[in-house]
Every structure is written in structure tokens, then in C-alpha cells.
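Hello,

Here is the structure we talked about. Please open it and follow along with the notes below.

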Amino acid sequence: MNIINSERLFLEAQKFIPGGVNSPVRAFKSVGGTPLFIKKGEGSKFYDVDQNEFIDYIGSWGPHLFGHNPEFIKTALLESIEKGVSFGAPTEIEIKMAELITELVPSVEMVRMVNSGTEATMSAVRVARGYTGREKFIKFEGCYHGHADHFLIKAGSGALTLGVPTSPGVTKGNAADTLLAKFNDIESVKELIDANKDEIAAIIIEPIAGNMGVIKSEDKFLKELRTLCDKEGIVLIFDEVMTGFRVARGGAQEVLGVKPDLSTFGKIIGGGLPVGAFGGKKEIMNQIAPAGPVYQAGTLSGNPLAMSAGYAALTKIKEDSDLYPSLEVKAVYLEKGMKENLAKLGKNYAMNRIGSMSCMFFTENAVDNFDKATQSDTELYGKYFHEMLKRGVYLAPAQYEAMFISTAHTIEDLDKTISAHYESLKVIL
Ligand SMILES: *Cc1c(COP(=O)(O)O)cnc(C)c1O
């Protein structure tokens, strides 16, 4: 594969941008090699600056439920751009967007728009603290909630593969208010609550974790978490930045049947533009300025261009009743093909999947928590990644990420992927 132009651009980029990228996981650090610079995306594929074509399974790392540059989002953006791109004053589409979110996700009664998933989780914890008058919160090992200081403690995703348990620059004070529990282990939560009686404002969790590979929380665990929060007056926050509108119209909370007090969104909600949102119970959300005293703001929040893309995406999600069933069919097809490959190769690697997000771990033990996820042979993943890339399949350049299928992926794409998977594994094993 010729990557001369990407190599040249990567050298150039490193002169002006730290590490040459604007988000660390893009740099191929955990798989080695040169990151490819992308020129164009269309449907299930994107193309790099050396004219290589790839079937894309990162979908901008989550947002592209409909593949690259779908016509209906492009149209919405073009119509919006004609009227001007930002006003710093309220617009009608913000109401439509908020109303649609509350309709799709019943636990959300009110919502505030922000510009990224990080802002959403950061603000959700702040309002939970304001509402309860408490300072500490619980997060789970391997869950990623964006890059705000108090979340960068045993976080997943890029923070996990970089191998830094807690980032330099995060103060001891900040870290002290973050309590760490074990995913799918209710006893670890109870212990923290007992040791910090009436001091815990919130518990935040990815109900289906997507940043330590893909791991679903167990039904009993999540229900007990809900009960504990009710009993102790703790605000339960579901971080659905990845799972929202991905695993079902109503997100992981619909799939798992547990309602949080607050939810956070990002990725799909922006239709590919930089958008996040957090919302939930009216009583809590009304604590936010200017309705209440908890400060939260954003010069570009609710930006009309971003809202038009997001509103188009969510409208499609609302109206297309075949959307999730057809994604499920494709996801099952791919999973089945890969499992058959593994059987042929005599390997029993753990494969976790919920709807159109999945992950293959290079370990034969079932993966249901962070410790088990980290048993995966990440060096082997790196080799696998490069073999797939050579065969025109672009996976996340790190083990602990999800593989996303979009509505644009065709059976032909999936067949190609299945044979690439077999050939790649045959080479590296
Ligand atoms: C991606 C992600 C975030 C952070 O969102 P950004 O838009 O990258 O700031 C937070 N939580 C979860 C679960 C995510 O997957």
C-alpha cells in the first residue's frame, strides 16, 4: 500500500500540532505506523490522500450511523448555511431538537445542548453536585467520559492505550473527589458508598461500555445501581455519548430497561458536527443557569448548523422503523462470519456485540469487566489492524474501541470484511 502522501503530511503535521493530530487516538500510537490522512468519505467508505480506499468501521468514531456524507444530512446543512451559521441568540430549531430528544428518550424531560461529549458529562456531574450539595462521585474503571480533569482517572479509550492511569495535570484535589468502582461489581459500589456516607453526588456509568472494548453491564448490576442511587439520594448518570441512538432509538437505557436521572449524549446527536447534550429530570435540569444557580454556558451551544445536521439525523431515526432491525441483521451477519473464521482457525477469541457496535478481543476468556479486557493481547491487535488495513478495511487503531456498522454498509462490504478478517488472522497467528 502506497502511503507517501500520508507520510509527508504526518511529518509536516508534527511540526505544528502536538503529535501531529488533534485527538491522540488518531496517531496510531498503540498499533504503530503512520496515520493515514483522509481526503473524502462517501457511504461506507473513505479515501486517503494516496487514493487508497477503505471500508470504514470507525464512522468518525461513532457519529456516522448513516455512513459518510448521507444526502439528507448534506441537504439539511446546505439549507441551514444559506441562512447564516451562528447568531448567539435563540433559534427555533433548538426547541425542535430538544423536543425530539425528549420524545426519543423518555427519561429526558429537559435538555441542554453543548459542543462535545466531554462538555456534556462535565456539566452533568456539575449539576448533580449542585443539586445534591455533595462533592464526590463514582466512576467505573475502564469507562471513558471525555477528558475533563476529574474523569481522567483509570479512564478508557485513548487514556487506556496510552497507559497513563491518571494524566499529569490532573490535581490531587480533583482526583480525590473521583471514586473508582469496578464495572459489573455492585459490592465495589456499596463499599464506596458506605465509606463516603452522604458525600456522593453522582454515579456515572457507560451502561454499555464502549471504551474498553464493548462490554454490557449486567441486568442485575444495573438494577441494583438504580436502587442504591434511589436509597442514597445519588444522581444516576448514564453516559450515552456513544450508545445514544446507536444501540436503539432510546439508547442503552431502552435496551437495558433502567432509567437514569441524567443522560449525556454526543456523536450521533450531531450528525457528524461537534455536538453534545445532557438532559434528564426537570427538577435537576432546572438547577442550571439561567433557570437555577448552576452555571453552564457555551458561545456556540445550540449552533444552528450543528442543530440542523443533528435534527436531520434524529428525525430519520424517529421515522425509519426499519433502521435498527436492518442494522442488527448486518451486525449479526458480520459477527457470524467472523465467528466462523475463528472456528476455522481454532481460536475462541471473545467477541462482544450489542446492535451495531462490537469488539473482538485477543483473549479467549469472556470479557465482562476492565481487568478481563486488559488481558487482550494488544500487540497482536496491532498486527491484525495493519493486516486489515492492507486489505482495505479500516478499524479503530487501538484494541479498546468499538467497531461500528452503519446503514451504508452493504453485504458486499461485509463479505469483503469477513474474508479480510480470515486472511489477516491466518497471517498473524
Ligand atoms: C466519545 C465519548 C465521550 C467524549 O466525547 P467527546 O465528544 O470526544 O468529548 C464521552 N463519553 C463516552 C461514553 C464517549 O464514548
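Start with a charge and a ring. The charged end of Lys40 is placed over the ring of Tyr47, 5.4 Å from the ring's centre. Lys316 does likewise with Phe72: it lies over the face of that ring, 4.9 Å from the centre. Keep in mind that this is a predicted model.

Now the rings themselves. Searching the whole structure gives 16 aromatic pairs. Take Phe137 and Phe151. Their ring centres are 5.6 Å apart and their planes meet at 75°. Planes over 60 degrees apart count as edge-to-face, so this pair is edge-to-face. Where do the two residues lie? Phe137 is in strand 5 (residues 136-140), and Phe151 is in the loop between strand 5 and helix 5 (158-161). The pair therefore ties together parts that are 14 residues apart in sequence. Buried or exposed? Phe137 is buried, at 0% relative accessibility. Phe151 is buried too, with a relative accessible area of 0%. The cut-off for buried is under 20%.

Next, look at Phe362 and Tyr381. They also form an edge-to-face pair, with 6.2 Å from centre to centre and 75° between the planes. Phe362 sits in the loop between strand 14 (357-360) and helix 13 (370-373). Tyr381 belongs to helix 14 (residues 378-390). The pair links distant parts of the chain, 19 residues apart. Phe362 has a relative accessible area of 4%, so it counts as buried. Tyr381 is buried as well, at 6%.

Last, find the cluster. Phe28, Phe46, Phe54, Phe385 and Tyr394 form one aromatic cluster.

Best wishes

Note on methods:
Residues numbered from 1 in each chain as written. Predicted model: local features only at pLDDT ≥ 70, side-chain atom pairs only at ≥ 80, totals over all residues. Heavy atoms only, no water. Phe/Tyr/Trp six-rings, centres within 6.5 Å; stacked < 30°, edge-to-face > 60°. Helix = DSSP H or I, 4+ residues; strand = E, 2+ residues; numbered from the N terminus. Buried < 20%, exposed > 50% of the residue type's maximum accessible area, 1.4 Å probe, protein only. Lys NZ or Arg CZ within 6 Å of the ring centre and 35° of its normal.
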